[in-house]
Amino acid sequence: MNGVNGVVEQTKKLLSGASNSNQGEGQYESPANALTLLKGYKSKDGISVAELMDGTKNGGLTYNDFLLLPGYIGFPAAQVDLTSKLTRNITLKTPFTSSPMDTVTEANMAIHMALLGGVGVIHHNCSIEEQAEMIRKVKRFENGFITDPIVISPNTTVAEAIALKEKWGFGGFPVTENGKLRSKLIGMVTPRDTQFHSNLSSPVTEIMSTDLVTGSEGTDLQTANDILSKSKKGKLPIVDGQGNLVSLLSRSDLMKNLNYPLASKVPGTKQLLAAAAIGTRENDKERLAALVEAGLDVVILDSSQGNSMYQLDMIRWIKQQFPSVDVIGGNVVTRDQAAALIAAGVDGLRIGMGAGSACITQEVMAVGRPQATSVYHVTEFAAKFGIPCIADGGIQNVGHIVKAVALGASTIMMGGLLAATTESPGAYVVGPDGQLRKTYRGMGSIDAMEDKKAGGAGDKANNTAKNAGTARYFSEGDRLLVAQGVSGSVLDRGSVTKFLPYLMAGVQHSLQDIGIQSVSDLQQGVRNGDVRFEIRTASAQAEGNVHGMVGVEKKLYS
């Protein structure tokens, strides 16, 4: 009975306090003291990144397992600076890269990723010549001054000029006396010249324009742009004192300079940044030499498990043979893996093992690590040496990008998220539901590993590989291939020229919500404990998604 009486008395007191709660202001703190009183709390809301990533308490985490807490908004989202490091020596205006997969990144994707402030990494599941040609297309696409234009001779036929247009995607070609650069310029051929000429075997001298407006060698870009604008021509040939062609300026390039202010360019050259992947076998040395000759700026060593004797030897060889090329090593998910590659001389790291949407390494091999945990631990270690890191895999939306960057990644890599864009390789097909789709496959899928585009079978005993899939997963020469990826299709996402700006705006708004104005400030805030986190339970994840609705149309941007 005493226990019951105690409860009754306590209840009376509580009710009495509640009834008196509106009687007199003295029972409350003054609102003017709210900020002062807040400082009296021993800790901030949420938890620090160290508490979040305590594996003994929370286990391995994915991006869906936590949230960042909001801060104070004191600036417009457009002022958020997304400048990020790709490598020790290369900075991007946006933290976006595309994956070196044969259903994601070829020349067209690489060009548009660079125009939009990121970089596209061209895959190597193709011949050396094909990959080198893709690098050349990237470097030629927007140069300001095109220093190695396609030049034709007086003997070139109309049919050959049309074929060149189909191959390169543009149709304005200078004609010189011997068909080479630094030869006397005698005319220009444009698509309007070839379009309605019936005799395809005619030489281009019958249709070329000879009334040319030219610029002089040594003319700066601004002056050349002014001449081009006033001439109303599509191309401005630049000639030396003897009338020999030395370079070319394109009106479309001028327009792209105006429309793509964030473009990733090599300083001093106006060329777009070009990146490509290679394997870690002996024959990849020949591949790299061809890519460097074509203009390669960054090479990614493409391996599912980067801490191998093959990759360490390749890093040292590249640094000795091609010191001007930045090397990104990987993939890694632990400090131990990262340390070996850093010691070997990498300029950047790529983090992820089994987190990609088309990857089943964790399921099949029982090896890997949840991606958020991987990114945190590797970047925390790599930062001690000034090595930027790419978070590769598991990115499904804007929120995942922000979380990866908050945990320390300088850039993120997207595969499935870009696979069904207009600029990705392959043709659209109509699915059974009537919607447009494109094929998407992991490089560890049987389809990718059996693909012979790269030139045939490999030989593990002799350390050679002719297929990017088998090389990446150390399966070259195996009689039985063990899949570490799957094949499928992805719904159409439209053009990256709309999708990447959406991602960029989304990340800017997210950082605005957190109260942070730049990527570097976000990472500093995480390190010093000002940016706080919260673990999400399964119920919290359900609450944070669409619920209680039917017939939902999830339109992400307009």
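Guide: Begin with handedness. A crossing is right-handed if the near helix is turned clockwise from the far one by less than a right angle, and left-handed if anticlockwise. Keep in mind that this is a predicted model.

Visitor: Which hand does the crossing of α12 and α13 have?

Guide: Right-handed: that is how α12 passes α13.

Visitor: At what angle do the axes of α12 and α13 cross?

Guide: Roughly 25°. The axes of α12, residues 309-321, and α13, residues 335-344, come within 9 Å. Angles under 35 degrees count as roughly parallel, so α12 is roughly parallel to α13.

Visitor: Which residues in α12 and α13 meet?

Guide: From α12, look at Q311, L312, I315 and R316. Their partners in α13 are A340, L341 and A344. By class, this contact has five nonpolar residues, one polar and one charged.

Visitor: Now the sheet. What is the strand order in the open sheet of four strands?

Guide: Read across: β6-β11-β10-β9, with mixed pairing. An edge strand pairs on one side only; here these are β6 (145-146) and β9 (215-216).

Visitor: In what sense do β6 and β11 pair?

Guide: Antiparallel, over two bridges. Strand β11 covers residues 245-250. Find F145: opposite it, in β11, stands L249.

Visitor: Which strands does helix α9 touch?

Guide: Helix α9, residues 221-231, packs on the sheet and touches β6, β10 (235-239) and β11. The directions of α9 and β11 make an angle of about 65°.

Conventions
Residues are numbered from 1 along each chain as its sequence is written. This is a predicted model: local features need pLDDT of at least 70, side-chain atom pairs count only at pLDDT 80 or more; totals for chains, interfaces and linings use all residues. Side-chain values use heavy atoms; hydrogens and water are left out. Axes are lines fitted to C-alpha atoms, for helices over the stretch in contact, and angles run from 0 to 180 degrees between N-to-C directions. Angles under 35 degrees count as roughly parallel, over 145 as roughly antiparallel, 65 to 115 as roughly perpendicular and the rest as oblique. Contact means heavy atoms within 4.5 Å. Ala, Val, Leu, Ile, Met, Phe, Trp, Tyr, Cys and Pro count as nonpolar, Asp, Glu, Lys and Arg as charged, and the others, Gly among them, as polar. Two strands pair if DSSP finds at least two bridges between them.
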